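Q: I'm new to this structure and would like a close look at a single part of it, the surroundings of the ligand. Could you walk me through that?

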Amino acid sequence: MKIAILSRNRNLYSTKRLVEAAEQRGHEARVLDTLRCYMNIAAHKPTVHYQGELLGAYDAVIPRIGASVTFYGTSVLRQFEMMGTYPLNESVAISRSRDKLRSLQLLSRKGIGLPVTGIANKPGDIKDLIQMVGGAPCVIKLLEGTQGIGVVLAETQKAAESVVEAFMGLKANILVQEYIHEAGGADIRCFVVGGKVVAAMKRQAQPGEFRSNLHRGGSASLIKITPEERSTATRAAQIMGLNVAGVDLLRSNHGPVVMEVNSSPGLEGIEAATGKDVADMIISFIETNAKLGKTRTRGKG
Ligand code: ADP
Ligand code: MG
């Protein structure tokens with residue numbers, strides 16, 4: 001098969017591993033810098049151009065679209081979908097997952113366990129909003145943050161009010177969330193491929209920190225997840241419409257709660273912690289599922 005990998009940087013661990021796994025399985029893999037793809041969107045026959053070259057047909061495309069390029073990246077991916085290329089994750093599903101609030105609303109509609117979460121727009125509603133999620137301590141998050149940046153733990157009602165007020169003053173979109181204290185600064189990353197959790201790791205925040213992101217100094221280790229955690233993770237990925245997803249869970253007193261669903265989960269942490277060849281499983285999933293023109297949406301919104 002001919003597989004295109006949309007990635008800003010061919011030297012990133014995940015990108016390199018996907019190329020390696022594809023070649024090992026006898027495929028041709030080409031990394032395309034997402035931001036260097038351009039296209040005539042009004043053309044009768046959709047095409048993608050790259051550094052002066054008109055790209056030929058690809059059987060599958062693996063989107064590795066960073067949060068900062070979601071908008072352009074998903075439009076490039078949509079163009080591939082319109083050409084009938086099989087996307088590992090569809091553009092609509094990626095856009096959906098990038099909006100934390102939208103994701104949580106979709107998951108709650110289907111009865112997935114979530115931390116109590118609220119959102120408001122006017123400073124006058126802050127006090128009540130914080131009470132609604134159970135009062136302080138509570139977590140305040142920027143809707144479009146990643147890697148733990150823009151996630152704040154407010155210990156007191158007063159601190160929570162000032163942080164929310166400050167974010168609102170900056171016109172940032174935020175949510176306020178119940179703090180899952182019993183998680184003890186740890187979360188569980190479930191790596192889902194094709195409706196199965198193929199690898200799972202526990203990420204533990206460093207001492208004095210509640211955010212377990214590896215980018216914030218968290219450490220990863222192998223973990224055995226419960227059947228309930230397994231089914232929560234696979235259902236969450238399915239509801240979001242993602243074939244490949246990193247579903248992050250917290251162990252709360254009332255069972256597993258989903259914190260977020262990541263549509264371009266990194267391979268480095270999970271492969272190192274579990275010793276599993278996740279890249280190979282992704283390519284093998286593509287082999288079974290990429291039939292030319294099989295994308296459901298073909299670029300529809
Ligand atoms: P990001 O997208 O920036 O990674 P997350 O929502 O995943 O933002 O939050 C970052 C980290 O903060 C999580 O991995 C988790 O360790 C911690 N965290 C987030 N929300 C909560 C919460 N409601 N209760 C306890 N810890 C949380
Ligand atoms: Mg996270």
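A: First a word on domains: their bounds come from an automatic or database domain assignment. For this chain, that assignment gives domain 1 (2–95 + 285–289), domain 2 (98–113 + 182–276) and domain 3 (117–179). Keep in mind that this is a predicted model, where local features need pLDDT of at least 70, side-chain atom pairs count only at pLDDT 80 or more, and totals for chains, interfaces and linings use all residues. Residues are numbered from 1 along each chain as its sequence is written, chains are lettered from A and ligands numbered from 1 in the order in which they are written, and side-chain values use heavy atoms, with hydrogens and water left out.

Now to ligand 1. It has 21 residues around it, and Lys-100, Lys-141, Gly-148, Asn-213 and Glu-260 come nearest (a residue is near if one of its heavy atoms lies within 4 Å of the molecule or strand). Domain 2 and domain 3 each give this shell at least three residues. As for strands, β9 (138–142), β11 (174–178) and β16 (255–262) each supply at least two; strands (E, at least two residues) and helices (H or I, at least four) are DSSP runs, numbered from the N terminus. By type, the shell splits into 8 nonpolar, 7 polar and 6 charged residues, where Ala, Val, Leu, Ile, Met, Phe, Trp, Tyr, Cys and Pro count as nonpolar, Asp, Glu, Lys and Arg as charged, and the others, Gly among them, as polar.

Let's zoom in on some atoms. A polar side-chain atom of Glu-260 sits 2.8 Å from an oxygen atom of ligand 1, and one of Ser-212 is 2.9 Å from a ligand oxygen. Phe-210 uses its backbone instead: an N or O atom there lies 3.3 Å from an oxygen of ligand 1. Taken alone, ligand 1 exposes 550 Å², and the protein buries 97% of that (accessible areas use the Shrake-Rupley method with a 1.4 Å probe).

On the domain 2 side, Lys-100, Leu-101 and Phe-210 supply 45% of the area buried against domain 3, more than any other three residues.

Key: Polar contact = N/O pair within 3.5 Å; in protein donor to acceptor, adjacent residues only side chain to side chain. Buried area = accessible area lost by both parts, 1.4 Å probe.
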